[in-house]
Amino acid sequence: MTTTTAHDTRKLVGIADLFEEYGRISGLRLNIRKTVIIPLFQVNLEQLRNAITMKIPLWKEADIQDHGTYLGFVLGPGKGTSSWSKPCEKYIDRVSRWRN
């Protein structure tokens, strides 16, 4: 997991270059199809997607959202109360099974 508070795509280009170099050295590469970019600042997600597609074409398939799940925890500024969705569903399911 990598975080950046870049308010422009220049730092993202640097991060992309860093991951590319790391991949050349180690043989380990990002799985872009499983990558979620979560901006930690106010931004139009579609404009950010367009900028990334233009400046970092290899990352065009990355998902860009205001929240994401990492190791079962919902992260990001747009998570709201979604951290509680699955635990509450599980609780309701268990209680209804117990009652029946």
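Begin by selecting Leu12, Ile15, Ala16, Ile32, Ile37, Leu48, Ile52, Ile56, Trp59, Ala62 and Ile64, the 11 residues of the largest nonpolar core. Such a core is a set of buried Ala, Val, Leu, Ile, Met, Phe, Trp, Tyr and Cys residues joined through side-chain atoms within 4.5 Å. Buried denotes under 20% relative accessible area, exposed over 50%, and partly exposed the range in between (1.4 Å probe, protein chains only). Two elements, helix 1 (10-26) and helix 2 (45-55), each give two or more residues to this core. Helix 1 supplies the largest share, three residues. Helices (H or I, at least four residues) and strands (E, at least two) are DSSP runs numbered from the N terminus.

The model is predicted: local features need pLDDT of at least 70, side-chain atom pairs count only at pLDDT 80 or more, and totals for chains, interfaces and linings use all residues. Residues are numbered from 1 along each chain as its sequence is written, and side-chain values use heavy atoms, with hydrogens and water left out.

Next, centre on Ile52. Which residues does Ile52 touch, not counting those up to four places away in sequence? They are Leu12, Ile37, Pro57, Trp59 and Ile64, where contact means heavy atoms within 4.5 Å.

Thr35 counts as buried because its relative accessibility is 18%. A polar atom of its side chain lies 2.9 Å from the backbone oxygen of Asn31. With residues up to four places away in sequence left out, Thr35 touches Leu30, Ala62 and Asp63.

The charged pairs come next. How many salt bridges does a search of the whole structure find? The search finds three, a salt bridge being a side-chain nitrogen of Lys or Arg within 4 Å of a carboxyl oxygen of Asp or Glu. Side chains of opposite charge can pair when their charged atoms come close.

- Select Glu61 and Arg33, whose closest N and O atoms are 2.9 Å apart in a salt bridge. This pair links distant parts of the chain, 28 residues apart: Glu61 is in the loop between helix 2 and strand 2 (63-64), and Arg33 is in the loop between helix 1 and strand 1. Glu61 is partly exposed at 43% relative accessible area, whereas Arg33 is exposed at 68%.
- Select Arg29 and Glu20, a salt bridge with 3.4 Å between the closest N and O atoms. Arg29 is exposed at 53% relative accessibility, while Glu20 is partly exposed at 31%.
- Select Asp93 and Arg97, a salt bridge in which the closest N and O atoms are 3.3 Å apart. The two are separated by about one helical turn because they are four residues apart in helix 3 (residues 85-99). Asp93 is partly exposed at 32%, and Arg97 is exposed at 58%.

Remain in helix 3 and select Lys86, an exposed residue with 67% relative accessible area.

Finish on the surface with Tyr70, Leu71 and Phe73, which form a nonpolar patch with about 380 Å² of accessible area together. Accessible areas come from the Shrake-Rupley method with a 1.4 Å probe; for residues, only the protein chains shown count as cover. Patch residues have over 30% relative accessible area and no salt bridge; like charges are joined within 9 Å, and nonpolar side chains (Val, Leu, Ile, Met, Phe, Trp, Tyr) within 5 Å. Phe73 lies in strand 4 (residues 73-75) and counts as exposed at 58% relative accessibility.

Note on methods: Polar contact = N/O pair within 3.5 Å; in protein donor to acceptor, adjacent residues only side chain to side chain.
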